[in-house]
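Colleague: I have not looked at this structure before. Please show me how to read its features one at a time.

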Amino acid sequence: GSKFCPQPPPAAPPRMALMVGLAYVNLFVPWLPLMILQCIAILYMGRTMQMAVRGLSKLLIDTPLCSFFKILWVAMLVLFLDCLRQILMPRSAGPSGTASDAERIYEQHAAREGALAWALNLVAMLAAMALHVINGQCIKLEVDRDVMKKQAEQAGEFSKRLMQAEEKKAEATAAPETKMPTKQPEGKESKDEDDLRKRS
């Protein structure tokens, strides 16, 4: 009789494998390491290290490359939604153990992996951009605070010198006090009156 030879599972569709590979490349090359560096610099390093890391993120965010990454982010969102659709609306199940069933199972797993990879890309890009903007605002606020503090100290020193100068000027222009005439004792006044009476 004829022998039943089970068919091997179908090879991975090249399109899905390529797209998932691109998702991992975009995640691990610029964005995930950048986000980790930003977090380490903010949590454990000083302002100098934060400015150095911000210089790296500035090349991706504050340059014309940012427009390209925004378009890429929208494309990744579309791919994520497509993977989510495949997860929530799978193909109808065929006969168990057939090539079609194996392909359907593979598509389910590939869609889940793709959805996870694209979601990580979306979150990592947004987080890196948000950390870049917030860090820049913090640096600007600290610079403004230092400038205002320096201006306040200079204004205080100027006011102090002005008050000292006014005090010295007031002391120099003050009129000397006139001495009040001293009152003669009563005994002396009565003696003078007796002398006048005797003479008269």
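Colleague: How many helices and strands does the secondary structure of the protein come to?

Modeller: Before counting, note what is shown: this is a predicted model, in which local features need pLDDT of at least 70, side-chain atom pairs count only at pLDDT 80 or more, and totals for chains, interfaces and linings use all residues. Residues are numbered from 1 along each chain as its sequence is written, and side-chain values use heavy atoms, with hydrogens and water left out. Helices (H or I, at least four residues) and strands (E, at least two) are DSSP runs, numbered from the N terminus. Here there are five helices and zero strands, and the pattern along the sequence is α-α-α-α-α.

Colleague: What span should helix α3 have, and what span does the model give?

Modeller: The expected span of a helix is 1.5 Å times one less than its number of residues. Helix α3 covers residues 65-88, so its 24 residues should span 34 Å; the end C-alpha atoms are 34 Å apart, which agrees.

Colleague: Which residues does UniProt list for "transmembrane region"?

Modeller: UniProt positions are given in the numbering used here, feature names are shortened, and annotations may be inferred rather than shown by experiment. The unreviewed UniProt entry lists residues 23-46, 67-88 and 115-135. In the model, residues 67-88 are 100% helix and 0% strand, with end C-alpha atoms 32 Å apart. Residues 115-135 are also 100% helix and 0% strand, and their end C-alpha atoms lie 30 Å apart.

Colleague: Which residues of α3 are buried?

Modeller: Buried means under 20% relative accessible area, exposed over 50%, and partly exposed in between (1.4 Å probe, protein chains only). In α3 the buried residues are C66, F69, M76, F80, C83 and Q86. Across the protein, 20% of the 200 residues count as buried.

Colleague: What does F80 touch, leaving out residues up to four places away in sequence?

Modeller: Contact means heavy atoms within 4.5 Å. With that rule, F80 touches A115, W118, A119 and L122. F80 and R112 are 32 residues apart in sequence, and their C-alpha atoms are 9.6 Å apart. For the whole protein, among contacts between residues at least 6 apart in sequence, 76% join residues at least 24 apart.

Colleague: Why does N26 count as buried?

Modeller: N26, in helix α1, counts as buried because its relative accessibility is 12%. Leaving aside neighbours within four places in sequence, N26 is in contact with W31, F69, L72, M76, N121 and M125.

Colleague: Which residues line the second largest cavity?

Modeller: Its lining is Q38, A41, I42, Q50, V53, L131 and N135. The elements giving two or more residues to this lining are α1 (14-44), α2 (47-61) and α4 (99-173), and α1 gives the most, with three. One of the lining residues, V53, is in helix α2 and counts as buried at 4% relative accessibility. Not counting residues up to four places away in sequence, V53 touches L37, Q38 and A41.

Key: 1 Å grid on protein atoms, 1.4 Å probe; cavity = no way out; pocket = protein on both sides within 12 Å on 5 of 7 lines; lining within 4 Å.
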